[in-house]
Amino acid sequence: MPRFFSRGFFIVKKTTGRKLNHRKQGFRGALALALQLTLLTAAQAWAQGATPQPAQKTDVPIPAVQEVTDETGRQVKIPQAVRRIVSLAPSLTETIYALGAQDRLVGVTDYCDYPPEAQLKPKIGGPINPNLEQLVALKPDLVLVTKSLNRRETVEALERLGIATYATDPRTVEGMLASTARLAELIGAREQGKTLVAGLRARLAELKRLLATHPARRVLFVVWHEPLISIGRDTFLAAALRLAGAESVADTTQDWPRLALEEVVRLQPDYLVFASSHADESERNFEALRSRPGWRSLEAVRQRRLVVISDAVNRPSPRLVAAIEELARQLHPEAFDAKPETRDEKNETRQPKKATAAKRWGSRPCGR
Amino acid sequence: MRPLTVHRLLWKCSILAVVLLAVMLLALKLGAVPISVTDVLLDLGRVVLGQRGQLSTEYRLIVFELRLPRILLGIMVGAALSVAGAGFQALLRNPLADPYVLGVSSGAALGAILSLIASPHVPLATPLAAFAGAGLTIAAVYFLGRREGQLDSGTLLLAGIIAASFLSAVIMFLMTTLAGRDSRGMAFWLMGDLSTPLPPGMRWIFVVGLLAATAAIYSTAADLNLLLTGEREAMHLGVHITRVKLVVYIAASGLTGLAVSVSGAIGYVGLLVPHLMRLLFGTDYRLLIPTSALGGAITIVLADTLARTVVAPTELPVGAMTAMAGAPVFIYLLRRRLR
């Protein structure tokens, strides 16, 4: 007998036992039984979580499945015909729209604000804390995630629920293009993907040609100004800057380094680059910075060498190319002054007529 | 102190169990996707009778794979934190002791984060590291909190607060330098979060650990009552003080480690629930521990239901809900006691 029972842990009054009549005991027994049953079913339901339930699958015709390796190296089984897609990242939502597959997009995150009509899609919460219940209720046959934004735990949870999840991991502009092409193939939009990516590549090549003779500008990319957060060398933003004829003064392996202002004063960047969907807000921030100690000893601040570009540059999606072009135009206006008309014409002729979605996206300079 | 009878214990616990059941039903019903409890019960009945269930697959997934597991996880986390809080309050003879206030949660979180950085795919590493972190922290706080061989309540709290802020700083350091790309998820987890379903292997570890540690603390309940009168007095009454303290110390650290490793640092539950139960049912530890377990379960399930529904489909961290609701209630209790 456990020690605490033998040592008078409880004072068991004999009367309490005797006082109970049979009716009461019966009620109590029933209550105890009901409680036990509830707990038992709950425990069973819980334990079942570990095992898949193949019984339900039989009444649905088994769709053809393709097995692919996603960009994080996971083996994923995805239906041949993807009909219902949920995107867990703004960049992926943009990519789906750019591929013209928005009709099959049945769920997006709270932060998917581009194109504006994406905000009308059913929401599943934030990318880091998606509401799994809402996600399941949307009956997706493919959930798209991206390694830099979503959590591994989310992917594991979706895996356990038997929902196909494909993860992208673009780390450069080239990676974004390759990722877009793969995604297009995955959802059965190979042709649209080819056209879209070819158009983007052509624009990047044209940009490279135009900027070839112009030395790179040394810029400080301001992710956040208080505290000052910039970008590391391994981010796709740094890669995007390089393509726009710019070079980040912050050179670190950390992805989002917090820079000391004195370090920036020492580095003296040529330009400050802000990414924002509200240009006037960035202008106001910049005006506020001009009067601050430290900031006002920056040559770029004194000379008002400020570039505000679309926040599309923050997202590894096809719109990134437009943001790169925009940045290049502002940093190297002389390179574009020569003959801006011919470039647009060339762009038009290069695009096949049938890919309307890709054309709309490809030729839009920046969606602000 | 009124003598405790089995009858009285069962009666009080069954009241709380009924409340818990009601809260569970409420939690099952409310959420981003509306669920009809009658439909679920009818379908369960059909399955029990050997018929085919008629719920759609999505419905079934939401109820049995997401919502119910989350409710059960909330029950266990709440019970673990409350029992740990009650244990620490007795062990340190300090009414303000709580895994969160004493820095034990931060220690467990640091252990968990270290294990996630070192070996992200070993399943048992996280709870064990969290347990080690919790144990080391409470040991450090205990020794820092002594003055001239006596446990001083003020010094102890200060030691806990210092330990908590030091450990939080180390966590911040690790998250900005080492963890790299996974740090956003960790930051969310640190705030206290039940949204990530527990991997199947962890479920049984959690259940067994919770039951064993609670039973261990419960077996010392009679001694803890005597300990409340003072260490010397308890010793004269035949309490084996070192043994009792060791049992409570290991078990409460274990409970904190378990809770933190699955749900991050959820504050105030371990502090508030035992106090509330004391106000309702008295200070007898033999009654306080089971009622705290049930009360903690009720609190977390309620808080998590709120966290899920206030701005649905977006979820709030449950830790934010408990702190928001817990701090004012605590101040109210404190003022009422002072009057």
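In this predicted model, the centres of domain 1 and domain 2 of chain A, taken over C-alpha atoms, sit 30 Å apart. Domain 1 of chain A runs over residues 64-169, and domain 2 of chain A over 213-350. Where the two domains touch, five residues of domain 1 of chain A are in contact with five residues of domain 2 of chain A. Sorted by class, the domain 1 side of that contact has two nonpolar, two polar and one charged residues.

As for chain A overall, there are 16 helices and twelve strands. Chain A has 368 residues, and 38% of them count as buried. Taking the contacts in chain A between residues at least 6 apart in sequence, 60% join residues at least 24 apart.

Two packed helices are described by the angle between their axes and the distance between the axes. For helix α3 (residues 57-91) of chain B and helix α13 (residues 285-309) of chain B, the angle is about 140° and the axes are 7 Å apart. That makes α3(B) and α13(B) oblique to each other, since an angle has to be over 145 degrees to count as roughly antiparallel. The crossing of α3(B) past α13(B) is right-handed. On the α3(B) side, the residues that meet α13(B) include Gly74(B), Gly78(B), Ala79(B), Ser82(B) and Ala86(B); among their counterparts in α13(B) are Ser292(B), Ala293(B), Gly295(B), Gly296(B) and Ala297(B). By class, this contact of α3(B) with α13(B) has 15 nonpolar, seven polar and one charged residues.

A few backbone details stand out for a mention. In chain A, the peptide bond leading from Tyr114(A) into Pro115(A) is cis, with omega near -15°. Pro115(A) itself is placed in the loop between β4 (105-107) and α5 (132-137) of chain A.

Then there are the positive phi values. Arg304(A) is not a glycine, yet its phi is positive, at about 55°. This residue lies in the loop between α12 (299-302) and β12 (306-309) of chain A. Arg304(A) has 11 other C-beta atoms within 10 Å and is therefore exposed, the cut-off for that being 12 or fewer.

Over in chain B, Tyr268(B) also has a positive phi without being a glycine, here of about 75°. Its place is in the loop between α11 (241-263) and α12 (269-281) of chain B. Tyr268(B) counts as buried, because it has 25 C-beta neighbours inside 10 Å, where 20 or more are needed.

Methods: Residues are numbered from 1 along each chain as its sequence is written. Chains are lettered from A and ligands numbered from 1 in the order in which they are written. This is a predicted model: local features need pLDDT of at least 70, side-chain atom pairs count only at pLDDT 80 or more; totals for chains, interfaces and linings use all residues. Domain bounds come from an automatic or database domain assignment. Two residues are in contact if their C-beta atoms, placed from the backbone, lie within 7 Å. Ala, Val, Leu, Ile, Met, Phe, Trp, Tyr, Cys and Pro count as nonpolar, Asp, Glu, Lys and Arg as charged, and the others, Gly among them, as polar. Helices (H or I, at least four residues) and strands (E, at least two) are DSSP runs, numbered from the N terminus. Axes are lines fitted to C-alpha atoms, for helices over the stretch in contact, and angles run from 0 to 180 degrees between N-to-C directions. Angles under 35 degrees count as roughly parallel, over 145 as roughly antiparallel, 65 to 115 as roughly perpendicular and the rest as oblique. A crossing is left-handed if the near helix is turned anticlockwise from the far one by less than a right angle, and right-handed if clockwise.
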